[in-house]
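I opened this model to look up a few things about its helices, its strands and its loops. The entries below are in the order in which I worked.

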Amino acid sequence: FGKHLWVCPSGCAVDDPQATVVTLDPGLAFGTGTHATTALCLEWLDAISVENRSVLDYGCGSGILAIAALLRGATHATGLDIDPQALVASRQNADVNGVAEKLTVLQDPAELDGTYHVVLANRLAGTLIAHAAQISGRNARGGLVALSGILEEQVDAVADAYSQWIGFGPVATRDGWACLTGTRS
């Protein structure tokens, strides 16, 4: 994904000394990198600097995005998901990747505290719109945001829901899906 970010099942090796490799075996929680929305988020993560930054993975599924950010130098990540199985999968995947001590997983959005330098939300458009204030409110001023899980025809509705907080750049698309990225004002 991008230039140096790889997702590989356990037992596979990548012959690139600059590679960031997320080891992830398919499981019960969403997120292995094969879906276009996850791929778009991973490509964005590869293209930005997350070093020494905090990350929120809003709807973490397998934890793939938070883990990728941690492996790329983020200081801490929080994964939030209402599905208990996603929390188990995220913890297990963080342990396999050696970043468990830097990942906090939460089931209740009310437990979120503070703001994050980078916020990723790979959710369906309806959820992104319904939670626009909450997601934006967790993004530090000047922080980066990526919203995916959006069908191309839903881009305007999602962008409108966030317009008072986020200035978006060009839209990335793949296979009919879109990813909005921008900066918190």
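**Entry 1: the model.** I am working from a predicted model.

**Entry 2: helix H3.** I started with H3, which runs over residues 84-96 and has 13 residues. I looked up its span from first C-alpha to last and got 19 Å, close to the 18 Å expected. Which residues of H3 are buried? I noted Ala86, Leu87, Ala89, Ser90, Asn93 and Ala94. They lie on the same side of H3, because the arc they cover around the axis is only 165°. A reminder to myself: an α-helix has 3.6 residues a turn, so residues three or four places apart point the same way. On the face turned away from the buried side I found Gln92, Asp95 and Val96, which are exposed.

I then checked what covers the buried residues of H3; helix H2 (64-71) and strand E5 (103-106) are included. I also looked at both ends of the helix. At the start of H3, a side-chain oxygen of Asp83 comes to within 3.0 Å of the backbone nitrogen of Gln85. After H3 comes Gly98, with a positive phi near 70°.

**Entry 3: the nonpolar cores.** I looked up the largest nonpolar core and found 32 residues in it. Trp44, Leu45 and Leu120 have the most contacts inside this core. The elements giving two or more residues to it are strand E1 (5-8), helix H1 (36-47), H2, H3, E5, strand E6 (116-122) and strand E7 (139-151). Which element gives the largest share? H2 does, with seven residues.

I followed one of the residues with the most contacts, Leu45. Leaving out residues up to four places away in sequence, Leu45 touches Leu5, Val50, Leu65, Ala68, Ala69, Arg72 and Leu120. Apart from this core lies another, of 23 residues, and I noted Leu106, Val119, Ala121 and Ala132 among them.

**Entry 4: strand E6.** Is E6 enclosed or open? Six of its seven residues are buried, so E6 is largely enclosed by the rest of the structure. I listed its pairings next. Strand E3 (residues 54-58) pairs with E6 in the parallel sense, over three bridges. For Asp57, the bridge partner in E6 is Leu120, a residue I had already noted for its contacts in the largest core. E6 also pairs with E7, again in the parallel sense, over six bridges. Here I found Tyr116 opposite Asn139 of E7.

**Entry 5: Gly126.** I found Gly126 in helix H4 (residues 125-130). Is Gly126 buried or exposed? Its relative accessible area is 52%, so Gly126 is exposed, the cut-off being over 50%.

**Entry 6: positive phi outside glycine.** I looked up two residues here. Asn52 is not a glycine, yet its phi is positive, about 60°. Asn52 sits in the loop between H1 and E3, and it counts as exposed at 60% relative accessibility. Asp175, also a residue other than glycine, has a positive phi near 50°. I placed Asp175 in the loop between strand E9 (172-174) and strand E10 (177-184). At 68% relative accessibility, Asp175 counts as exposed.

Note on methods
Residues numbered from 1 in each chain as written. Predicted model: local features only at pLDDT ≥ 70, side-chain atom pairs only at ≥ 80, totals over all residues. Heavy atoms only, no water. Helix = DSSP H or I, 4+ residues; strand = E, 2+ residues; numbered from the N terminus. Expected span 1.5 Å × (residues − 1). Buried < 20%, exposed > 50% of the residue type's maximum accessible area, 1.4 Å probe, protein only. Arc of directions from axis to C-beta. Contact = heavy atoms within 4.5 Å. Polar contact = N/O pair within 3.5 Å; in protein donor to acceptor, adjacent residues only side chain to side chain. Core = buried A, V, L, I, M, F, W, Y, C linked by side-chain atoms within 4.5 Å. Pairing = 2+ DSSP bridges.
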